[in-house]
Amino acid sequence: MLLEMNLMLLPILILFPLSLIEFIFPNNERMNKQVYFIAFAISYFIVAIKYYYGPDIAIYVNLYDSLSSPIKDLINPPKSSLDTERLFIFFFSFLKSIGCSYWFCSVIITTIYFAAIYNLFTSLNKYKTFALFLIVLFDANLLFFEFRQNLTVALFLFSLSAYYKRSYFVCVLLAVLSFFIHKSAVFVYM
């Protein structure tokens, strides 16, 4: 429990003073870009190295270990999958079939999420570090524990970006994919 608390608090404790720099020097664009880059890299690294971490880990590791092949697991999911959506099972199974360890799979999910955040933040002109701080502060569970929800949020953010770029087909495709990764995505899109 203490380790979980420390790992989750670490990015918060690092991002808070970096966010203050943005507020102290709001017009120093060059420095704020560098601070944001440092904050983003540190946050990504801390979340990516989490390894076997969090309350859902037993469920995800057992599921990952029970997978055999993407098509077989899609058609007939293993009993350990419980109520997990099939596209998520397919995603997990695909990564396992190409030789990814469970830990590397968690790094891939973290990378997809942080890519979505980075893409979203390209529309911000100021206070990117503060925005990242707020995400880390309020969405720590999403970052550290929840794989299906993490992928769903990432797909939502990418679909939002596609919508604003008037790529409606991509937007709808990403929405449909997110529905099959986590059923609660339907509420987000509504």
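1. The crossing of α3 and α5 is right-handed. This note concerns a predicted model. The helices in question span residues 57-66 (α3) and residues 86-97 (α5), and their axes come within 9 Å of each other, crossing at roughly 60°. On the α3 side the contact is made by Tyr-60, Leu-63, Tyr-64, Asp-65 and Ser-66, and on the α5 side by Phe-88, Phe-92, Leu-95 and Lys-96. Sorted by class, the residues of this contact comprise six nonpolar, one polar and two charged.

2. The overall composition may be stated next. The protein has eleven helices and zero strands. Read from the N terminus, the order of elements is accordingly α-α-α-α-α-α-α-α-α-α-α.

3. Burial and surface are as follows. Of the 190 residues in the protein, 42% are buried. The accessible surface of the protein amounts to about 10,800 Å², and carbon and sulfur atoms contribute 70% of this area.

4. Two packed helices are described by the angle between their axes and the distance between the axes. For helix α2 (residues 29-48) and helix α6 (residues 102-121), the axes come within 9 Å and the crossing angle is roughly 155°. Because angles over 145 degrees count as roughly antiparallel, α2 is roughly antiparallel to α6. The crossing in which α2 passes α6 is right-handed.

5. The residues at the contact of α2 with α6 can be listed by helix. From α2 come Tyr-36, Phe-40, Ser-43, Tyr-44, Val-47 and Ala-48, which meet Trp-103, Val-107, Thr-110, Thr-111, Phe-114, Ile-117, Tyr-118 and Phe-121 of α6. The contact of α3 with α5, by comparison, includes two charged residues.

6. Leu-174 lies in helix α10, which covers residues 168-179. Is Leu-174 buried or exposed? With a relative accessibility of 15%, Leu-174 counts as buried, because the cut-off for burial is under 20%. When residues up to four places away in sequence are left out, the contacts of Leu-174 are Leu-155, Phe-158, Ser-159 and Tyr-189. The C-alpha atoms of Leu-174 and Leu-157 are 9.3 Å apart, for a sequence separation of 17 residues.

7. Most residues other than glycine have a negative phi. Tyr-127, although not a glycine, has a positive phi of about 60°. Tyr-127 is placed in the loop between α6 and α7 (128-138). The relative accessibility of Tyr-127 is 29%, so Tyr-127 counts as partly exposed.

8. Arg-166 is the other case to be noted here. The phi of Arg-166 is near 65°, again a positive value in a residue other than glycine. Arg-166 belongs to the loop between α9 (147-164) and α10. At 64% relative accessibility, Arg-166 counts as exposed, since the exposed class begins over 50%.

Notes: Residues are numbered from 1 along each chain as its sequence is written. This is a predicted model: local features need pLDDT of at least 70, side-chain atom pairs count only at pLDDT 80 or more; totals for chains, interfaces and linings use all residues. Side-chain values use heavy atoms; hydrogens and water are left out. Helices (H or I, at least four residues) and strands (E, at least two) are DSSP runs, numbered from the N terminus. Buried means under 20% relative accessible area, exposed over 50%, partly exposed in between (1.4 Å probe, protein chains only). Accessible areas come from the Shrake-Rupley method with a 1.4 Å probe; for residues, only the protein chains shown count as cover. Axes are lines fitted to C-alpha atoms, for helices over the stretch in contact, and angles run from 0 to 180 degrees between N-to-C directions. Angles under 35 degrees count as roughly parallel, over 145 as roughly antiparallel, 65 to 115 as roughly perpendicular and the rest as oblique. A crossing is left-handed if the near helix is turned anticlockwise from the far one by less than a right angle, and right-handed if clockwise. Contact means heavy atoms within 4.5 Å. Ala, Val, Leu, Ile, Met, Phe, Trp, Tyr, Cys and Pro count as nonpolar, Asp, Glu, Lys and Arg as charged, and the others, Gly among them, as polar.
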